[in-house]
Amino acid sequence: MKSRQVLVFLFLWVIAIAVYFKTAGAGFVTDQAGWLLQYKASGWKGVLNAFEDKSLHYIYHLIGFLLWKLVGMNGTAWMLVFTTLHAGVAFLSYRLFAELFAAEDVRFAEGIAFTGALLFLLSPYHTEPLVWYACIHYLVCAFLLLLSFHFVLKYFSSTKGGYIAAFYACFLPALFTLEISFAFPIILLAFFLFWPLKVFGSVSRWQAIKIFCGPSLALLLLYFGLSKLLRGSVVGHYGAAQHLNFDITLLMANLAKYISKLFFLSQFYSYELSQKIYVVFEKAKFGWAFFGLLGLLAGLYVALYKKLSAFWQITGLLFSFFIIGLLPVLNLYVTTLVPVEGDRFLYFASIFAFQLVAFVCIRLPFKTGWLVMAVALFFNVRFLLVNTQSWTNNKQIQQSLIQKYKWYNASHIYILNLPDNFRGTYMYRTFLPDNSFAETLTLYGQPDIENKTTQILSYNMNQLSDSVTVERISDNELKVTFAQWGNWWWAGGKGGSGYKTEMYEVKIDEWSHSYNITFANRPANSVCVYQCGGEWREVTGF
């Protein structure tokens, strides 16, 4: 049995490597570039305060720091670590649900669990946490939480106290890795209250709650207290105002978007169609109607629970696990304009969603479920390859721009355009006065030019050849125009607008897809450069 499990893990790992190998090295961008520079500046002492993270992400940064110390900027090594973790999460999902389904004598228990794990492994929504190296905490946290769940089942079968200790040895570091861990005690509570009893062995529901849920919730409260003491807010990361926003319209709109994204692949519809759908979700009437429907279904589930078959009991619970897994992120933003960005928020919850899909579909009569699963797997792989190709193209542009940059000796460098993203995959997103491209140059061992570099505006890059033209209007004014359709100006991770500093003023003309920059004062020997595809060009004689 153990050798078989090893083979299953290796199978999942090889598939993950085959899919993500070409993206190796693409993820040293935006937040990751900033964290690596912070690791370099702070050294080991930074571990003691989580490198000044707004959250108590001590385990996240310990792992990220150790990985950087061990392999540096070796993109292949980072890719292998991430695919190993991802395959590990998929494998744990398979083993966990194979055991749960088998305990209820579900036909094809192993096949269902494996199919759900394979759908998870090959989801098109996992390229962000797999390729953007700032997301290692999503993988680590999900791995620790599933391992914790395994130890619960081990305790049920043996009642050995060592499995309780092992549970908390996983759950506690998960708390200090990422906030998605906050949902886990709630998932366990629902599991203990409503999962069919066969898997519990000699342990009662109440005993399970006392052993695993009570202390877990106490640890969560302790975490909030420590966060308030050490960070000044009970919840860090995006801040208490964001994380504690319980507006029903917002929550239900985001939940509906996640459901449509994951189960119906709506993020890959045409822009016009997907926006029509998402606009409906954002209406207050829809939000309250959806909230009422979920409340009604939950009430009926509880009221009729004892009359339901094991199939419907498990189906309802898997769907609730998916929703509960999303709770820590439901009040955050859901990006619908571009693909990939924000997909990481689905990572943990999708473990349960894909098991739900496999469980329901494979139970369909006349083996039609296997056909449905084949179709689902086909579209997952198809769109996954679309997103990994975007990351691959992203990496190609990154490497070319780094290799061909040469203006290190200029007194000041004005970069007129740089891609914020390539089809949603992060590139040089900048929040002024920082400059992510200059940070990336430093990471790759080039001279530090961040303090003398200004990135004027960014844009969304869609093709390898995307570029701009630059026209000299006067001795102190330039006009920068897109050379193709489909792009727009970005600043600070969103649509850009005109702005003014002591040195220059930027005015955007949406109709001509251009902007004008007028310099009030420019240092002698400064340069203005712009990006065209993977090349650099300088505005000469200006």
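Helices (H or I, at least four residues) and strands (E, at least two) are DSSP runs, numbered from the N terminus. Counted in this way, the chain holds 18 helices and 14 strands. This is a predicted model, in which local features need pLDDT of at least 70 and side-chain atom pairs count only at pLDDT 80 or more, while totals for chains, interfaces and linings use all residues. Residues are numbered from 1 along each chain as its sequence is written, and side-chain values use heavy atoms, with hydrogens and water left out.

**Overall shape**

- A compact globule of 542 residues would have a radius of gyration near 24 Å, and the chain agrees with this at 25 Å; the radius is taken over C-alpha atoms, and the globule rule is 2.2 Å times the number of residues to the power 0.38.
- Taken along the principal axes, the box filled by the C-alpha atoms of the chain is roughly 85 × 50 × 45 Å.
- Of the 542 residues in the chain, 56% are buried, where buried means under 20% relative accessible area, exposed over 50%, and partly exposed in between (1.4 Å probe, protein chains only).
- Among contacts (heavy atoms within 4.5 Å) between residues at least 6 apart in sequence, 74% join residues at least 24 apart.

**Helices α12 and α14**

- The axes of α12 (residues 248-264) and α14 (residues 284-304) come within 8 Å and cross at roughly 75°, the axes being lines fitted to C-alpha atoms, for helices over the stretch in contact, with angles running from 0 to 180 degrees between N-to-C directions.
- That angle makes α12 roughly perpendicular to α14, since angles under 35 degrees count as roughly parallel, over 145 as roughly antiparallel, 65 to 115 as roughly perpendicular and the rest as oblique.
- Residues of α12 that meet α14 include Met252, Leu255 and Ile259, and their partners in α14 include Phe286, Trp288 and Phe290.
- By class, this contact of α12 with α14 has 11 nonpolar, 2 polar and no charged residues, where Ala, Val, Leu, Ile, Met, Phe, Trp, Tyr, Cys and Pro count as nonpolar, Asp, Glu, Lys and Arg as charged, and the others, Gly among them, as polar.

**Helices α2 and α18**

- The axes of α2 (residues 31-42) and α18 (residues 436-443) come within 9 Å and cross at roughly 50°, which makes α2 oblique to α18.
- The contact is made by Ala33, Gly34, Leu36 and Leu37 of α2, together with Glu439, Thr440, Thr442 and Leu443 of α18.
- By class, the contact of α2 with α18 has 4 nonpolar, 3 polar and 1 charged residues.

**The loop residue Asp105**

- Asp105 lies in the loop between α4 (75-103) and α5 (109-121), and Asp105 is exposed, with a relative accessible area of 59%.
- Although Asp105 and Ala310 are 205 residues apart in sequence, they are 9.6 Å apart in space, C-alpha to C-alpha.
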